[in-house]
Amino acid sequence: MADDIAGRGDPLKTLHLMWGRTEPPRRGPKSRVDLRDLVNAAIAIADAEGIEAVSTRRVAEAVGISPMSFYTHIPDKAVLLDLMLDAVSGPAEGESPASMNFDPTRWRDNVALVAREYRAFFLRHPWTLQLSSHRPVLGPNTIKAYEHFLSTFDGLGLSEVEMDLSVSMVANYVHGAVRDVLRASQVKALTGLSDDEWWYTIAPFLETIDFSPYPVSSRVGPVVGELYGLGNPDMAFDFGLERLLDGLGVLIASKTKAAP
């Protein structure tokens, strides 16, 4: 597991900063920057260069203060990472607000909408996948996002536990699907070959192999290869999401039948 994960910092100090419960210093000149400036600068670095590029020194330089001044705002990098995660967890411009009222009769559309928003979030900020752990940061934006997700399952007859587990199931699906997309980008960067270039490189060798012992693969492979090569992440995501919604539909329908 990578060293840079959520939840490594002092949890109480982190929560006080996230929720604005810290007291400003009583002495000395007022700082030219505030907590939001530092967090936004760190996010910009991570979006452009990856989480490995984020350091307290880089962030301090980005906002024009000394590295030592950084620590008067944020105690260490571990706390900074949690602050970054919560900051980007709020709705992006153009996305549905966390207070959106979902129509239970359109639950499939609601869940699909939030799942796609969640996927878009990871594609905008791929470094968040590296930081995510099983301990949520529990800042205001993170809780708003959880509220938003939970609301898609409200009013469907599910118990509170079933609602939470449904959120976890859809979130885990999005996690896995997004990792495949990001992995493809990383492989291209590390190997210097696009998927098509890689395929053309090995194709002559594959043509020398007898695939008759693999009849199912021999039938399916050429069809999908002609359609989308090594894969179509958008098609795969949509297909998987629809099957997930089918399964949820069975659960929700069972609740309706069981109701008196």
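In helix α2, residues L35, V39, A42, I43 and A46 meet L80, L83, M84, A87 and V88 of helix α5, where contact means heavy atoms within 4.5 Å. By class, this contact has ten nonpolar, no polar and no charged residues; Ala, Val, Leu, Ile, Met, Phe, Trp, Tyr, Cys and Pro count as nonpolar, Asp, Glu, Lys and Arg as charged, and the others, Gly among them, as polar. The model is predicted, with local features requiring pLDDT of at least 70 and side-chain atom pairs counting only at pLDDT 80 or more, whereas totals for chains, interfaces and linings use all residues. Residues are numbered from 1 along each chain as its sequence is written, and side-chain values use heavy atoms, with hydrogens and water left out.

Helices α2 (residues 35–49) and α5 (residues 77–88) pack at an angle of about 85°, their axes 9 Å apart. They are therefore roughly perpendicular to each other (65 to 115 degrees).

A second pair is formed by α6 (residues 107–124) and α9 (residues 160–191), which pack at about 40° with axes 10 Å apart. V111, A115, Y118, R119, F122 and L123 of α6 meet V170, A171, V174, H175, V178, V181 and L182 of α9. The residues of this contact divide into eleven nonpolar, one polar and one charged.

Helix α9 has 32 residues and spans 47 Å from its first C-alpha to its last, close to the 46 Å expected at 1.5 Å a residue (1.5 Å times one less than the number of residues). Just after α9, G192 takes a positive phi of about 80°.

Notes
Axes are lines fitted to C-alpha atoms, for helices over the stretch in contact, and angles run from 0 to 180 degrees between N-to-C directions. Helices (H or I, at least four residues) and strands (E, at least two) are DSSP runs, numbered from the N terminus. Angles under 35 degrees count as roughly parallel, over 145 as roughly antiparallel, 65 to 115 as roughly perpendicular and the rest as oblique.
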